[in-house]
Amino acid sequence: MDTCIFHSVNSGLFFWQAGTGLLVDGIHDGREQGFSPMPDFLQRQLDARTGLFAHTSGVLFTHLHRDHFQREGLLHLMRSPVSPAVYGPELPEHRARIQPVSANTRRIWMGAGEILAQTTLHDGTVFRNDPHQSFLITLGRERFLTAGDGALTGRDAAEFLRAEGGPVDGAFVNLYQLASEDGQEFLRTLAPTRIFLIHLPFREDDAYHNRSLARQVARSLPPDLPPAEILPHMAWIDGRAAQWEAREKGGAEDDLSGIAQS
């Protein structure tokens, strides 16, 4: 992959390619839901607008539950002298170029990135009325799906492909999306080259044993789907860090590669 991708914790992802950095669900709380708050290391970077946050062109949220979203952190970032583009369902303010595609789909531009935002139901009956969107992110020639807590179906995948055809290089999903028949049909239809299992807490916050469940789900995935890769926390995928990190490695605040908490 040409895109460098950093996974923090829960559903936090940072995509970097050719001068554009997109952060998805990366400013959050979460311990009260059995997930993890934003790591102190990244919180300090956010406060000072250094490291990853010095290279963020756009910030996206799939929805506003606290394990994906922290209002105070976002407001701090938006008060920066050079504020990134911002988008998420039900946010009071969007700072991005947005174009309607259909009743359920919006096209968004952030830096050199293009995002297809599609309305998807939140998983779980109690959350079905909570606004939620899944994103198909295009950077250069690569596409990545990040689905938050969406209750995914094959119809959702077909709608994505009608609006944005072409191969999908990676899909980032949670264990319930990966375990359900509807979620597996979504993945068959979308046909990503790689499947990444995310939305897991740090070990010390894993009150509901999601990490163990994730390993079971990954082992039992049908053979017609690519194997599910459970991503380590606070690490770049395949060890491929953004080039700015190497230049800034002299300052510990800016070095993401040496922080690994799984």
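This is a predicted model: local features need pLDDT of at least 70, side-chain atom pairs count only at pLDDT 80 or more; totals for chains, interfaces and linings use all residues.
Q: In what order do the strands of the open sheet run?
A: The order is β5-β4-β3-β2-β1-β14. Six strands form the sheet, and the pairing is mixed. Strands here are DSSP runs of E with at least two residues, helices are runs of H or I with at least four, and both are numbered from the N terminus. Two strands pair if DSSP finds at least two bridges between them.

Q: Which are the edge strands?
A: β5 (85-87) and β14 (235-236). Each pairs on one side only.

Q: Let's take β3. Is it buried or exposed?
A: Five of the five residues of β3 (residues 20-24) are buried, so the strand is largely enclosed by the rest of the structure. Buried means under 20% relative accessible area, exposed means over 50%, and partly exposed is in between (1.4 Å probe, protein chains only).

Q: Which way do the β3 residues point?
A: Thr 20, Leu 22 and Val 24 point one way. Gly 21 and Leu 23 point the other way. In a regular strand the side chains alternate between the two faces of the sheet.

Q: In what sense does β3 pair with β2?
A: Antiparallel, over five bridges, with β2 spanning residues 13-17. Phe 15 has Leu 22 of β3 as its bridge partner.

Q: How many residues lie between the strands in that hairpin?
A: Two. Ala 18 in the hairpin takes a positive phi near 50 degrees.

Q: And in what sense does β3 pair with β4?
A: Parallel, over three bridges, with β4 at residues 58-60. Leu 23 has Val 59 as its bridge partner. Leu 22 stands opposite Gly 58.

Q: Where does Asp 25 sit?
A: In the loop between β3 and α1. Asp 25 is buried, with a relative accessible area of 0%. Its phi is positive, about 55 degrees, although Asp 25 is not a glycine. Most residues other than glycine have a negative phi.

Q: What about phi of His 209?
A: Also positive, near 60 degrees. His 209 lies in the loop between β12 (192-197) and α6 (210-219). At 54% relative accessibility, His 209 counts as exposed.

Q: Where is Leu 52?
A: In the loop between α1 (40-48) and β4. Leu 52 counts as buried, at 2% relative accessibility.

Q: Now helices. At what angle do α3 and α5 pack?
A: About 25 degrees, with axes 7 Å apart, for α3 (residues 154-163) and α5 (residues 181-190). That makes α3 roughly parallel to α5. Angles under 35 degrees count as roughly parallel.

Q: Which residues meet there?
A: From α3, they include Ala 157, Phe 160 and Leu 161. From α5, they include Phe 186 and Leu 190. Contact means heavy atoms within 4.5 Å.

Q: How do the contact residues divide?
A: Into six nonpolar, two polar and three charged.

Notes. Residues are numbered from 1 along each chain as its sequence is written. Side-chain values use heavy atoms; hydrogens and water are left out. Axes are lines fitted to C-alpha atoms, for helices over the stretch in contact, and angles run from 0 to 180 degrees between N-to-C directions. Angles under 35 degrees count as roughly parallel, over 145 as roughly antiparallel, 65 to 115 as roughly perpendicular and the rest as oblique. Ala, Val, Leu, Ile, Met, Phe, Trp, Tyr, Cys and Pro count as nonpolar, Asp, Glu, Lys and Arg as charged, and the others, Gly among them, as polar.
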